[in-house]
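Welcome to this structure. Here are some notes to read with the model open beside you, point by point.

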Amino acid sequence: MSGDLRQPAHLTHPTDELSAAERRELIATMRPEDAAGVPELHEVGVPDELRELIEEAMGRYPQIRSASLPALWAVQRHYGWCSPQGIRQAAAVMGVTPAYLEALATFYDLYHTAPVGLHRVLVCHNISCWMNGGDELLRELCAAAGANPDEAGDHGASSADGEFFIQGFECLGACDLAPMASIDDRYYGPLDAADAVAAIEALRAGEQPVPEKALSRRPAAGGPEPDPDPRVAEAEASANPAGHGPRADGPTGDDSRGRGPHG
Ligand code: FES
C-alpha cells in the first residue's frame, strides 16, 4: 500500500497528552479560517422551549455574554448534557461562536460535555462531610445505583443502566447537613446508608428522594421570620409622610432614619 495513512497525533490523542513538539506542530497547522463561526439559526434547528429559555436569560443582562452560563444550563437540562449540537444551538441564539460556549462548559465542572446518567447525585467528601461519613455515603449510593465508586469519587461515574450519575464533590456549602448530597440539584442531609438506598429506590420509582431530609424542609436558622419583618414595616412607615410613623425628613421627626452613619 502506498502513502502514509497515519493520523496526526492531535486527532488520535487528547491534546493534553501531546508532547511539546506535537503541540508546536499542531499550533503551526492552525488557521483562523478553520475556526467555526457563529452558526445561523436556520442551520441548527433550535427547539422552541430551549430557545425561549436562552432568550429569557439574554434579556436579564446588559451584556449578552453574561447569559452564557444560564444558556448552557438550559442546554444541559434539555439534552442531559452540553452536547455539541446543543452548544451550537445556544451559540446561534446568542450570536457567539460555539467555541466560546464550549470553553465555559469545559471549565466549570457542573457542566457535562459527555453524556451522563439521568439523575445527578453529587456527594460532598470535603472535610465536614468526610468526617461524618461522606466516603461511606458515596460508596452506599454507588452500590445502590450500580456505579463504580472509585470512578465516582474521582471524576464521577454513571450507572450501567444510565439512570444515575454519581460524583464525589468538594464542599457544596451546606456543611451543617454533613454528610450531604445534591440530588438533581436539591440538597439533602444528613444522609446515612439507609437514606442512600431509599433515595436511589425513590428516584427509580419517579418519586422525590428522602423528602424528610430535604434542605427545604429545615427551619431557617434562628427560627421563623416574623411576618411582616418589623424593619420593613418601620422603613415603610418612615417613607410615608401620610402615615402615622415619624417623618424621616421632617424637622420634628426622628431624622436619624434613612441617613448614613455620619448623616
Ligand atoms: S464539607 Fe460537605 S457541604 Fe461543606
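This is a predicted model: local features need pLDDT of at least 70, side-chain atom pairs count only at pLDDT 80 or more; totals for chains, interfaces and linings use all residues.

1. On the α4 side, the contact is made by Leu 50, Arg 51, Ile 54, Glu 55 and Met 58, and α6 brings Gln 89, Ala 90, Val 93 and Met 94. By type, the residues of this contact divide into 6 nonpolar, 1 polar and 2 charged.

2. Now stay with helix α6, residues 84–94. How many of its 11 residues are buried? The count is 9, so the helix is mostly covered. The buried residues are Gly 86, Ile 87, Arg 88, Gln 89, Ala 90, Ala 91, Ala 92, Val 93 and Met 94. What covers them includes α3 (41–44), α4, α5 and α7 (98–107). Just after α6 comes Gly 95, with a positive phi of about 75°.

3. Helix α4 (residues 48–58) also meets helix α5 (residues 68–79): their axes come within 9 Å and cross at roughly 160°. That makes α4 roughly antiparallel to α5. Leu 50, Leu 53, Ile 54 and Ala 57 in α4 face Pro 70, Ala 71, Ala 74, Val 75 and His 78 in α5 as contact partners. This contact has 8 nonpolar residues, 1 polar residue and no charged ones.

4. Helix α5 has another partner, α7. Which way do these two run relative to each other, parallel or perpendicular? Their axes come within 10 Å and cross at roughly 80°, and α5 and α7 are therefore roughly perpendicular to each other. The meeting residues are Ser 68, Leu 69 and Leu 72 in α5 and Leu 101, Leu 104 and Ala 105 in α7. They divide into 5 nonpolar, 1 polar and no charged.

5. Ser 68 deserves a look of its own. This residue is found in helix α5. Is Ser 68 buried or exposed? It is buried, because 23 other C-beta atoms lie within 10 Å, and a residue counts as buried at 20 or more. Leaving aside neighbours within four places in sequence, Ser 68 is in contact with Leu 101 and Leu 104. Ser 68 and Met 58 are 10 residues apart in sequence, and their C-alpha atoms are 8.3 Å apart in space.

6. Next, the nonpolar cores. The largest has 30 residues, and those that touch the most other members are Val 121, Val 123, Leu 141, Ala 145, Ile 166, Met 180 and Ala 181. Two or more residues come from each of β1 (119–124), α9 (134–145), β3 (164–169), β4 (181–183) and α11 (193–204). The largest share, 6 residues, is from α9. A second, separate core has 18 residues, including Ala 57, Leu 72, Ala 74 and Cys 82.

7. Some backbone details are worth checking. Most residues other than glycine have a negative phi, and most peptide bonds are trans. Against that background, the bond from Ala 178 to Pro 179 is cis, with omega near -5°, and Pro 179 sits in the loop between β3 and β4. Gly 189 and Pro 190 are also joined by a cis peptide bond, with omega about -10°. Pro 190 is in the loop between β5 (186–188) and α11.

8. Two aspartates have a positive phi. For Asp 184 the value is near 50°, and for Asp 185 it is about 70°. Asp 184 counts as partly exposed because it has 13 C-beta neighbours inside 10 Å, while Asp 185, with 10, counts as exposed.

9. Finally, the overall view. The protein chain has 12 helices and 5 strands, and 28% of its 263 residues are buried. Among contacts with a separation of 6 or more, 51% are between residues 24 or more positions apart.

Key:
Residues are numbered from 1 along each chain as its sequence is written. Axes are lines fitted to C-alpha atoms, for helices over the stretch in contact, and angles run from 0 to 180 degrees between N-to-C directions. Helices (H or I, at least four residues) and strands (E, at least two) are DSSP runs, numbered from the N terminus. Angles under 35 degrees count as roughly parallel, over 145 as roughly antiparallel, 65 to 115 as roughly perpendicular and the rest as oblique. Two residues are in contact if their C-beta atoms, placed from the backbone, lie within 7 Å. Ala, Val, Leu, Ile, Met, Phe, Trp, Tyr, Cys and Pro count as nonpolar, Asp, Glu, Lys and Arg as charged, and the others, Gly among them, as polar. A residue is buried if 20 or more other C-beta atoms lie within 10 Å of its own, exposed if 12 or fewer, and partly exposed in between; C-beta atoms are placed from the backbone. A nonpolar core is a set of buried Ala, Val, Leu, Ile, Met, Phe, Trp, Tyr and Cys residues joined through C-beta atoms within 7 Å.
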